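User: I'm new to reading structures like this one. Could you walk me through it, a feature at a time?

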Amino acid sequence: MPKVGIVMGSDSDLKVMSKAASTLERFGIDYEMTIISAHREPDVFFEWAKAAEGKGMKVIIAGAGMAAHLPGMCAALFPMPVIGVPMSGKNLAGEDALFSIVQMPPGIPVATVAIDGGVNAAILAAKILAVSDAELLGALKAYSEEMKETVQAKAAKLDEIGYKAYLES
């Protein structure tokens, strides 16, 4: 049973949203992924968003570009957390989507990550789920430790060989 729903408005969003999916997989979190246009097929979207809770979903990650209504509409219909992922675009580099997603009216919150921030959306979803899942919380702590060790190893390498050799390696 999926704990996270991943929805995007177009297949052009798949490159970013697939990073969310692979990050959820890393933590063993089941998800459902789909493409639904809130503008072109609102009836299909309403049905999906209203059914999400009954399917066991606890969080929705919604990616959208331009007017970016998908995350807000998810938040209006789904009673649990929604994370919006603004997609970069050709006209305004994703700023239009960012502003659209982050400026929700009172009572309809959407947690919003950076433009094209699929990985962070999945990490945030995992952190939300970890509130009631000790094993997942442990995995997130281990992930944080891995990131710390990676940075420390890079710093040690830079200290050892200098920046010019580091850039060439």
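User: Let's start with the second largest pocket: how does its lining divide by class?

Analyst: The lining of the second largest pocket has five nonpolar, one polar and four charged residues. Here Ala, Val, Leu, Ile, Met, Phe, Trp, Tyr, Cys and Pro count as nonpolar, Asp, Glu, Lys and Arg as charged, and the others, Gly among them, as polar. Keep in mind that this is a predicted model, where local features need pLDDT of at least 70 and side-chain atom pairs pLDDT 80 or more, while totals for chains, interfaces and linings use all residues. Residues are numbered from 1 along each chain as its sequence is written, and side-chain values use heavy atoms, with hydrogens and water left out.

User: Which residues line the second largest pocket?

Analyst: A pocket is an open set of points on a 1 Å grid over the protein atoms alone, where a 1.4 Å probe fits, with protein on both sides within 12 Å along at least five of seven lines; lining residues have an atom within 4 Å of a point. In this case they are Met 1, Lys 3, Phe 27, Gly 28, Ile 29, Asp 30, Asp 133, Glu 135, Leu 136 and Ala 139.

User: Why does Thr 23 count as buried?

Analyst: Buried means under 20% relative accessible area, exposed over 50%, partly exposed in between (1.4 Å probe, protein chains only). Thr 23 has 10% relative accessibility, so Thr 23 counts as buried. You'll find Thr 23 in helix H1 (residues 14-26); helices (H or I, at least four residues) and strands (E, at least two) are DSSP runs, numbered from the N terminus.

User: What about nonpolar cores: how many residues does the largest one have?

Analyst: In soluble globular proteins, nonpolar side chains tend to be buried together. A nonpolar core is a set of buried Ala, Val, Leu, Ile, Met, Phe, Trp, Tyr and Cys residues joined through side-chain atoms within 4.5 Å. The largest here has 26 residues, and Val 4, Ile 6 and Ile 61 have the most contacts inside it. Helix H5 (118-130) gives the most to this core, with seven residues. A second, separate core of 20 residues includes Phe 45 and Val 110.
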